[in-house]
Every structure is written in structure tokens, then in C-alpha cells.
Amino acid sequence: MNHPLIQHKLSIIRDKNTGTNEFREVVNEIANLMAFEVTRDMPLKDVKVETPMGIANVQKLAGKKVAVVPILRAGIGMVDGILSLIPSARVGHIGMYRDEKTFEPHEYFVKLPSDIEDREVLVVDPMLATGGSAIMAIDALKKRGAKNIKFVCLVAAPEGVKALEKAHPDIDIYAAALDEKLDDGYIVPGLGDAGDRLFGTK
């Protein structure tokens, strides 16, 4: 996404000198701006409303229910930004951790809205690196009946995009930036470990 505000805010979270509090705030702001674009194709229905001056033909959302599903833990940093735009959305969680030696993801927790199959699902994670966590999260969602899924991240590596497209060609990927490459499992130039920077851990 090339919106000037998104690109400006990306420059802030990429900076290694940005502190935890500011990093967390700006991640939420980027997620909020991205949600505007991610929801562009939501269906509308024609309705009539009475204004103080008469009857207006207007459009409202056609009842499309949304679920925001962060991949734990870093995905949590994007949830509030999206909820501020779509406050009625439900929130699920998928817990993944990455083996520090093999970089392979392992699932340890899944909790989703009971009607996940009826919802448009926004899977959120700041980083799309190898693609392993995203693929496993979407596998978990599809296994539980989800059909309409989008993946939303801040920074993506070409290798991760390619892997996710190959595993799930039906999934639209939204990224604020497509970076150069992976190096030892980390995105370059990237922004470091998003979870550590969000929560002040090492």
C-alpha cells in the first residue's frame, strides 16, 4: 500500500531508535489505515433514511460480519487499530511460536468465534517472513470452516508472499511494504522482531 500516511508511519516503526510505546501506537495507526483499504470490497445495500429535510437514498453495509484473528503474539498489536474502524467485529486468536533453530511454526492455541464460517476473516500479523505461520493459521481457519479470509501484514518478504500464494492461492494478501529478502529467517531490511518491539521483550 503506497498511501503517504502508511509509508510515513512505516518509516517510524522501521527506525531502531523508536521506543516500545511509540512503536505500539504507530503499529495500531497503520493497521487502522490499512483496514480502510482491506474493507473496500465489502458489500453494500440500498436503504432509505429520513433526514431532517426529507428522505435520502443511501447505502449501508449489507450485514457482512467480520472477525479479526491475530496470530499471537505480535498480531495483537494490530487488532485495536482495526476494531476502531470496525467495532462490531469479533476477535479470535491463533497461537503460534517459531522454533528459533528451524524457524518452523508450531500451533499451541486456537479460539475463534463460533460462527467463523459466516464471517469475513482478517488474519493479522505484522510480519510475513517465511510464510509458515500464516499458512498454518489459514490451515487452522479453513479446517474450522472459514471460507472468506484475507491476510493483513505490515512488512512482507517476497519468499513469504510466494509461499503463502502457493499454499493458499485463494487468499488476498495486504501488505504495507514488500521488502527485499529473507536473511536467516528474518525480513531485510524489515523492522526487527515485531513482538519484542511491541511488548518490550528480548
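How many of the nine residues of strand E9 are buried? Eight of them are, and the strand, residues 148-156, is mostly covered. Buried means under 20% relative accessible area, exposed means over 50%, and partly exposed lies in between (1.4 Å probe, protein chains only). The model is predicted: local features need pLDDT of at least 70, side-chain atom pairs count only at pLDDT 80 or more, and totals for chains, interfaces and linings use all residues. Residues are numbered from 1 along each chain as its sequence is written, and side-chain values use heavy atoms, with hydrogens and water left out. Strands (E, at least two residues) and helices (H or I, at least four) are DSSP runs, numbered from the N terminus.

E9 has several pairing partners. Two strands pair if DSSP finds at least two bridges between them. With strand E7 (residues 119-124), E9 forms five bridges in the parallel sense. Here Leu122 has Lys150 of E9 as its bridge partner. Strand E8 (residues 127-128) also runs parallel to E9, through two bridges. Between E8 and E9 the chain passes through helix H4 (residues 132-143), in a right-handed β-α-β crossover. Right-handed means that, with the strands pointing away from the viewer, the path from the first strand over the helix to the second runs clockwise.

Strand E10 (residues 172-178) is joined to E9 by six bridges, again in parallel. Val155 stands opposite Ala177 of E10. The β-α-β crossover from E9 to E10 goes through helix H5 (residues 158-167) and is right-handed.

Val38 belongs to helix H2 (residues 20-38). Its relative accessible area is 2%, so Val38 is buried. Contact means heavy atoms within 4.5 Å. Not counting residues up to four places away in sequence, Val38 touches Met1, Glu120, Leu122, Lys150, Val152 and Tyr174. Pro52 is 14 residues from Val38 along the chain, and their C-alpha atoms are separated by 33 Å.

An unreviewed UniProt entry places the feature "binding site" at a set of positions including Met127, Gly131 and Ser133. UniProt positions are given in the numbering used here, feature names are shortened, and annotations may be inferred rather than shown by experiment. Gly131 lies in the loop between E8 and H4. Gly131 counts as buried because its relative accessibility is 4%. Ser133 sits in helix H4. At 19% relative accessible area, Ser133 is therefore buried. Ser133 touches Ile71, Met96 and Pro105, again leaving out residues up to four places away in sequence.
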